[in-house]
Amino acid sequence: MKEKKRRQLLERMLRPRILVTSHIAMSFFRKKTRIPASLHTVEAVDVARYCGTWYEAASIPRKRQKRCANTKAEYTLTPEGKVRVVNSCRRHGKTVSIKALGSPVSGSGNAWLKVRFFGIINADYRVIELAADYSWAVVSNTTGSGLWVLSRTPYPDRTVYDGIMEKLRSRGIETSGIEKTAQ
């Protein structure tokens, strides 16, 4: 009986991690909006300024994220110069989150992070647009299957958002697959 309860507790603890892991793995196969391979990151990112809370204003929706609201990312600089990442959202009335650790890619001006989830799953996060005052950013992965418009506030001003979309289109990114995120 004790063993059964322990197994059930372990399954409950691991289930969200397994679901998120499968979500991340499956996301590599989605190709709704294509980001040109030649797209470059911004020249440099001041990691200390970049850290803090970012709200997801819009994204190329992922299957699991479609049921999410109040999506945000918290970035914290570690003493070793790495970036601790906590992505969270509200789904079915509960907050779900995933933690990761990012390391800036050498020679990228800190605009490209190698992010590791669960110590085994690697992802590339590239800052491809960034406001001079760090009030908004656009992050993509290297495969072209992921793109996130981030803002320091839950809802960026409409003119700011429209300007971001125009910047993306001018860089050759098809924006019709980008959807606003409910906050």
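Start by selecting valine 47, which counts as buried because its relative accessibility is 12%, under the 20% cut-off. Keep in mind that this is a predicted model.

**Around valine 47**

Valine 47 is part of helix 2. Show its surroundings, leaving out residues up to four places away in sequence: valine 47 touches Leu77, Val83 and Asn110. Glycine 81 is 34 residues from valine 47 along the chain, and their C-alpha atoms are separated by 8.8 Å.

**The largest nonpolar core**

Which residues touch the most other members of the largest nonpolar core? Select Val45, Tyr50, Tyr75, Phe117, Tyr125 and Leu130, which hold that place among the core's 26 residues. Then colour the elements that give two or more residues to this core: helix 2 (47-50), strand 2 (69-77), strand 3 (83-91), strand 4 (94-104), strand 5 (112-117), strand 6 (121-130), strand 7 (136-140) and strand 8 (147-151). Strand 6 supplies the largest share, five residues. In soluble globular proteins, nonpolar side chains tend to be buried together.

**Glutamate 129**

Stay on strand 6 and select glutamate 129, which lies in this strand. Is glutamate 129 buried or exposed? It counts as buried, because its relative accessibility is 13%, again under 20%.

Now display the side chain of arginine 171 as well. The side chains of glutamate 129 and arginine 171 make a polar contact at 2.8 Å. Setting aside neighbours within four places in sequence, the residues in contact with glutamate 129 are Val42, Trp136, Ala137, Val138, Lys167, Leu168 and Arg171.

For the last stop, select Arg91, His92, Lys94, Thr95 and Val96, which line the second largest pocket. Which element gives the largest share of the lining? Strand 4 does, with three residues. Sorted by class, the lining has two charged, two polar and one nonpolar residue.

Key:
Residues are numbered from 1 along each chain as its sequence is written. This is a predicted model: local features need pLDDT of at least 70, side-chain atom pairs count only at pLDDT 80 or more; totals for chains, interfaces and linings use all residues. Side-chain values use heavy atoms; hydrogens and water are left out. A nonpolar core is a set of buried Ala, Val, Leu, Ile, Met, Phe, Trp, Tyr and Cys residues joined through side-chain atoms within 4.5 Å. Buried means under 20% relative accessible area, exposed over 50%, partly exposed in between (1.4 Å probe, protein chains only). Helices (H or I, at least four residues) and strands (E, at least two) are DSSP runs, numbered from the N terminus. A polar contact is a pair of N or O atoms within 3.5 Å; within protein, one must be able to donate a hydrogen and the other to accept it, and residues adjacent in sequence count only if both atoms are side-chain atoms. Contact means heavy atoms within 4.5 Å. On a 1 Å grid over the protein atoms alone, a cavity is a set of points where a 1.4 Å probe fits but cannot get out, and a pocket is an open set with protein on both sides within 12 Å along at least five of seven lines; lining residues have an atom within 4 Å of a point. Ala, Val, Leu, Ile, Met, Phe, Trp, Tyr, Cys and Pro count as nonpolar, Asp, Glu, Lys and Arg as charged, and the others, Gly among them, as polar.
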